[in-house]
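Please read these points with the sequence and the model open side by side.

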Amino acid sequence: MKKITILIPEGETSLSNIEAAYKMFSKVNEAVEARGGLPLFKVELAGLTRESSVGKGLFRIHPDKVFQEIEQTDLIIIPAVHGDMQKVVEANSAMIPWLVRQYKNGAELVSLCIGAFILASTGLLNGRSCTTHWLSADEFKKMYPEVNLQPYKIITDEHGIYSSGGAYSSLNLILYLVEKFAGREMALRSSKIFEVDIERNSQSPFIMFSGQKDHEDDSIKQAQLFIEKNFQDRITVDQLADMLALGRRNLERRFKKATSNTVVEYIQRVKIEAAKQSLESSRENVNEVMYSVGYADPKAFRLTFKKITGLSPIEYRNKYNRSIPAA
């Protein structure tokens, strides 16, 4: 039997994360027992204190144990905690040595959504891949620059450490763990009961690109604004460098440092965001949208669109524009 510990951290913890994980593993146990087998999982809740809880009013969940009482476990799940992430990490710092010790003793670690901030504070993610909610990607990169953040992914799995993308995509990671520990048949059953798409693996279609301007480089902000106002035109790095009276290499270095994108990547993302909005709301065909955002090569447009969103332009339009019948 695999022992699963779901943490109840201090702060505004996601009740849905805790409830979903608890219910999905519990339903697997029920299904196995209904067939005459022994339960596969023992699920317990652990908090910083006995008084730790999550929820509101009478509907509150309390821990079964204080985390320090748990000497050994197999899988630890860290749910999302909302708020000022620096304060969230500080409020839960007492758990960090325990998490590290459990991992070194063989336990696997799981972060759901922005629970990745607490997981990353252990240092165990340094040099490894991780994902989190795409809205928190920039903040995560600043707090944990040594982590290989993959903000477009729904799931990462590396050396016994798992992470999930934003919000309800956490269900996809829990389902992934069910498949890993209980088998494909049980995962398919769970996906039907909880109505979760078992094949979903990317956050890309949901990401809204608004430009990374949380920096102090005014010249780069000027370049960003120029790109965003003139994305329909052909914009080159040399053109921007001349406009700002900067050397090309200096511009590229500063742009990457400020925005985490190269100049070309930024131009592509602005164009594709505009294309997404058109595909969602207008009745223009794909070629019309392509020309309207400054692309002339259909192949280049399709490849760039799919690289950024994970879908082809036609797939994206059919999925998100309800005014147009699916092709």
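What covers the buried residues of helix 3?

1. The cover of the buried residues of helix 3 includes strand 1, strand 7, strand 9, helix 4 (116-120) and strand 13. The buried residues of helix 3 are Ile-96, Trp-98, Leu-99, Val-100, Gln-102 and Tyr-103. Buried means under 20% relative accessible area, exposed over 50%, and partly exposed in between (1.4 Å probe, protein chains only). Just after helix 3, Gly-106 has a positive phi of about 110°.

2. On the source: this is a predicted model, in which local features need pLDDT of at least 70 and side-chain atom pairs count only at pLDDT 80 or more, while totals for chains, interfaces and linings use all residues. Residues are numbered from 1 along each chain as its sequence is written, and side-chain values use heavy atoms, with hydrogens and water left out.

3. The chain as a whole has 14 helices and 13 strands. Helices (H or I, at least four residues) and strands (E, at least two) are DSSP runs, numbered from the N terminus. Of the 327 residues in the chain, 50% are buried. The C-alpha atoms fill a box of roughly 65 × 45 × 40 Å along the principal axes. Among contacts (heavy atoms within 4.5 Å) between residues at least 6 apart in sequence, 62% join residues at least 24 apart.

4. The sheet is open and mixed in pairing, with seven strands in the order 6-3-1-7-9-13-12. Its edges are strand 6 (65-66) and strand 12 (155-158), each of which pairs on one side only. Two strands pair if DSSP finds at least two bridges between them. Strand 1 (residues 2-8) and strand 7 (residues 75-78) run parallel and are joined by three bridges; Ile-4 stands opposite Leu-75 in strand 7.

5. Two helices that pack on the sheet deserve a look. Helix 1 (residues 15-34) touches strand 1, strand 3 (41-47) and strand 7, and its direction makes about 160° with that of strand 3. Helix 3 (residues 96-104) touches strand 1, strand 7, strand 9 (108-111) and strand 13 (161-164), and its direction makes about 145° with that of strand 7. Axes are lines fitted to C-alpha atoms, for helices over the stretch in contact, and angles run from 0 to 180 degrees between N-to-C directions.

6. Thr-156 has Ser-163 in strand 13 as its bridge partner. The hairpin of these strands has two residues between them, and His-159 in the hairpin takes a positive phi near 55°.

7. Which residues have the most contacts inside the largest nonpolar core? They are Leu-7, Leu-99, Phe-117, Phe-140 and Tyr-144, in a core of 38 residues. Strand 7, helix 2 (85-91), helix 3, helix 4 and helix 5 (137-143) are the elements that give it two or more residues. A nonpolar core is a set of buried Ala, Val, Leu, Ile, Met, Phe, Trp, Tyr and Cys residues joined through side-chain atoms within 4.5 Å. Leaving aside residues up to four places away in sequence, Phe-140 touches Ala-116, Phe-117, Ala-120, Cys-130, Thr-132, Val-147 and Leu-149. A second, separate core of 32 residues includes Phe-255, Tyr-266, Met-290 and Val-293.

8. Met-186 lies in helix 7 (residues 184-194) and is buried, with a relative accessible area of 6%. Not counting residues up to four places away in sequence, Met-186 touches Val-28, Ala-31, Val-32, Arg-35 and Val-178. The C-alpha atoms of Met-186 and Val-32 are separated by 8.9 Å, although the two are 154 residues apart along the chain.

9. Helix 10 (residues 248-259) and helix 11 (residues 263-281) pack at an angle of about 55°, their axes 9 Å apart. The two helices are therefore oblique to each other; angles under 35 degrees count as roughly parallel, over 145 as roughly antiparallel, 65 to 115 as roughly perpendicular and the rest as oblique. Leu-251, Phe-255, Lys-256 and Thr-259 in helix 10 meet Val-263, Glu-265 and Tyr-266 in helix 11.
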